Amino acid sequence: MASGGAECARLQANGAGTELEAEAVYTQEESESSSRRWGAQHVGARELAELYSPGKRLQEWISVILCFCLISFNFYNLLSYLSLDHTLSVIVGIFAGVITADFLSGLVHWGADTWGSVELPIVGKAFIRPFREHHIDPTAITRHDFIETNGDNCMMTLLPLANMAYKFVSLSPEALYQTCPWECYVFALAIFVTLTNQIHKWSHTYFGLPCWVIFLQDWHVILPRKHHRIHHVSPHETYFCITTGWLNYPLEKIGFWRCLENIIQGVTGQKPRADDMKWAQKVK
C-alpha cells in the first residue's frame, strides 16, 4: 500500500489513539490487498510455508524439551535460596528482566524483519523465513502448534538457563544466596524470552483465547492485540517489541530503529526490508 509508510509515521507521532487508528488502517489494507490474494493463498506465503523442514521440526522439539527441563530445575532451586531479605531486589530484578526481554524481542524482530534474506545459508530458511511468511500471512502463526510457535525462542534461552543450572550444582549455598536477586533477573528474562512468540501468537488470535490471556492483554501486561496491529500497517517499520510492547512508544519517539537503519544503510548500502518487500510482491 503506497500510503502505508506515511500513515504509519503519523500514527507514531500521535501517540494517544494510535491503536484505534491503526486498526482502521490495517482493515483498509486487508481489504485493498485481497485482490493480491494476501494471506495463506499468497504465492510467497505458500512457498515460504513449504520451506519448513523435518530437520527444523527436530531442532524445535529438542529445544522445547531441553528448555522446559532447565526452567523446572532452575525454578525449584531458585525457590530454595529466596529470602524475605531479597524481596525488593527480586521485584526490581523481575521487572528489569521483563523490560530487557521486551527490548531484545524488538531487536531480534527488527533485525529479522529488516535485514537478511531467506536465501542465506542455514539462518535464512531456519530463522528469517518465518518473519517473511508472517508479514504476508499474519494469521499463519495462529495455525502453528506449540512446538513450531516456541521452538526458536526456547533455543535462544538454552545457554543462560544451562549456565544458571551449572551454578546451582557447582557454587556454595552462601554464594547462591548472595547472587539470588541476579539469578531472578536472568530467570525472568529467560521466561519472557521463551514466551515471547506465544504472546505474539495470542496477539493475532481473536477467537478462543482464555479469559486470563485477554485480561493480561487488556491490562497491557503482555502484548495487546490492537497495539500489535500498529506494526502490521505496511511497510512494517515500527513497534517491533512483541513481549509486552512497553518499549514501543518510547523507542519510536526517539527514532531508535530509524537511526540504526540509517547507520547500517550508510555503511553497507543495503536497503531496509528489501527482502521482505520482494516476498510480499511475489505473484508467481
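Predicted model: local features only at pLDDT ≥ 70, side-chain atom pairs only at ≥ 80, totals over all residues.
How are α5 and α13 oriented to each other?

1. Orientation of the pair. Helix α5 spans residues 87–114 and helix α13 spans residues 256–268; the two pack at an angle of about 40°, and their axes lie 12 Å apart. Angles under 35 degrees count as roughly parallel and those from 65 to 115 as roughly perpendicular. The two helices α5 and α13 are therefore oblique to each other. The crossing of α5 past α13 is right-handed.

2. Residues in the contact. On the α5 side, the contact is made by Phe103, Gly106, Leu107, Trp110 and Thr114. The α13 side contributes Phe256, Trp257, Leu260, Glu261 and Ile264. Sorted by class, this contact of α5 with α13 comprises seven nonpolar residues, two polar residues and one charged residue.

3. Secondary structure. The protein chain contains 14 helices and zero strands. Read from the N terminus, its elements accordingly run α-α-α-α-α-α-α-α-α-α-α-α-α-α.

4. Contacts along the sequence. Among the contacts in the protein chain with a separation of 6 or more, 73% are between residues 24 or more positions apart.

5. Burial and surface. The protein chain has 284 residues, of which 47% count as buried. The chain exposes about 14,300 Å², and carbon and sulfur atoms supply 68% of that area.

Note on methods
Residues numbered from 1 in each chain as written. Heavy atoms only, no water. Axes fitted to C-alpha atoms, helices over the stretch in contact; angles between N-to-C directions. Helix = DSSP H or I, 4+ residues; strand = E, 2+ residues; numbered from the N terminus. Parallel < 35°, antiparallel > 145°, perpendicular 65-115°, else oblique. Left-handed = near helix turned anticlockwise from the far one by under 90°. Contact = heavy atoms within 4.5 Å. Nonpolar A, V, L, I, M, F, W, Y, C, P; charged D, E, K, R; others polar. Buried < 20%, exposed > 50% of the residue type's maximum accessible area, 1.4 Å probe, protein only. Areas by Shrake-Rupley, 256 points an atom, 1.4 Å probe, with all protein chains shown as cover.
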